[in-house]
Amino acid sequence: MFFRPTVEADLDLVLSCSIDEPVSWADPERYRSMLDNGGYRPAHTWIAQDADGRLLARAVWWAFPESDRPLALDCVWVAPEVPDRIALAARLLGAAHEAFRAAGWDELPEWHLFLAPGWRDDPAALAALEWRIEAAGRSGLKGRLERLRYEWTPELPVPEPSGRLVFRTEPDDEAFVEVFQRVAEGSLDDDTRRNLARLGADGEARETLAGYLRMPGERAWWLLAYTPEGGPAGFALPSANQGGPVVGYLGVVPELRGRGYADELLGEITRFHAARGAERIGADTDRDNRPMAACFDRAGYRNFGVRLVLTETAG
Ligand SMILES: CC(C)(COP(=O)(O)OP(=O)(O)OC[C@H]1O[C@@H](n2cnc3c(N)ncnc32)[C@H](O)[C@@H]1OP(=O)(O)O)[C@@H](O)C(=O)NCCC(=O)NCCS
């Protein structure tokens, strides 16, 4: 048995597998288009082969096009004839994880599994997840987080501005670092909490800044929010990813929470994208971030799916 990252010449072999399980999957069309835009690379696609070169398993990681660091595991396939799928998948992921650590990446990439909202009641989805979650755990991804996926499309409402908050652009990145730091306090977002524990308040805020600067959305779209009296209330960061416009990030400073300001911030972001002709606005939030999920529900955003995230550290 061999475990290795692929090279360009392996493309036909890499594309020679398919699944019929109700879980996200890099089919040949998706794989090729992600290869073209730099999200997927041969070096971030690992395979297991038997002594005759037959493909037994495949794992595909995604990265920002300009970075060498694999950021998220997108899909894992194991040939149906393999007797112990869990063991083989765990060994394949383990081999790749070892290489990522040797390359100096301090945290293992998360595994993102995209599911339908009713996955808990779907035996086929549960079966597809069961062996993958077990293999992930054995290879070092023991944490689990459920993110709700939302979308806005043009037939949904666009709220009128209420005037309860005033929005201003702000060219100084340090102003955003400061407000990101304030908003991280008491956040129910798992990523924010883990990054706070790992990097401290200033480090977390700067990593957040760097992450949003890397996204295809424009920096000039970012807004600071103030009360009509001029006090800082939070921020609204409409953004975009490779799939198009996204809500991005919004937050209310701790002392002003519980006044419904989240609705104003989301409303501003929805207005911003809608005015530019967006056909769709995507958004994600943790299931456990109840105030944020309730805000999307109130705004009429549709919960069309779930992203199950398997992580190295539990939140
Ligand atoms: C999520 C967030 C924007 C909600 O803002 P908000 O304006 O306070 O939201 P609401 O006014 O609708 O709050 C609804 C309820 O949740 C409570 N609540 C809001 N945020 C809370 C938090 N972080 N922790 C505990 N309870 C919270 C409010 O007090 C209110 O309770 P009540 O109904 O008993 O009065 C805010 O908590 C925040 O900035 N969090 C950190 C950043 C974040 O998570 N952003 C979203 C990432 S996708």
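Guide: Glu107 forms a salt bridge with Arg194, their closest N and O atoms lying 3.9 Å apart, where a salt bridge is a side-chain nitrogen of Lys or Arg within 4 Å of a carboxyl oxygen of Asp or Glu. Between domain 1 and domain 2 the count is four salt bridges. This is a predicted model, in which local features need pLDDT of at least 70 and side-chain atom pairs count only at pLDDT 80 or more, while totals for chains, interfaces and linings use all residues. Residues are numbered from 1 along each chain as its sequence is written, and side-chain values use heavy atoms, with hydrogens and water left out.

The protein chain is divided into domain 1 (2–141) and domain 2 (166–305), with bounds that come from an automatic or database domain assignment, and the C-alpha centres of the two domains lie 31 Å apart. In contact (heavy atoms within 4.5 Å) are 13 residues of domain 1 and nine residues of domain 2. The area buried between the domains is about 790 Å², of which carbon and sulfur atoms give 39%; buried area here is the accessible area (1.4 Å probe) that two parts lose on being put together, summed over both. Of the area that domain 1 buries against domain 2, Phe64, Glu107 and Pro117 supply 47%, more than any other three residues.
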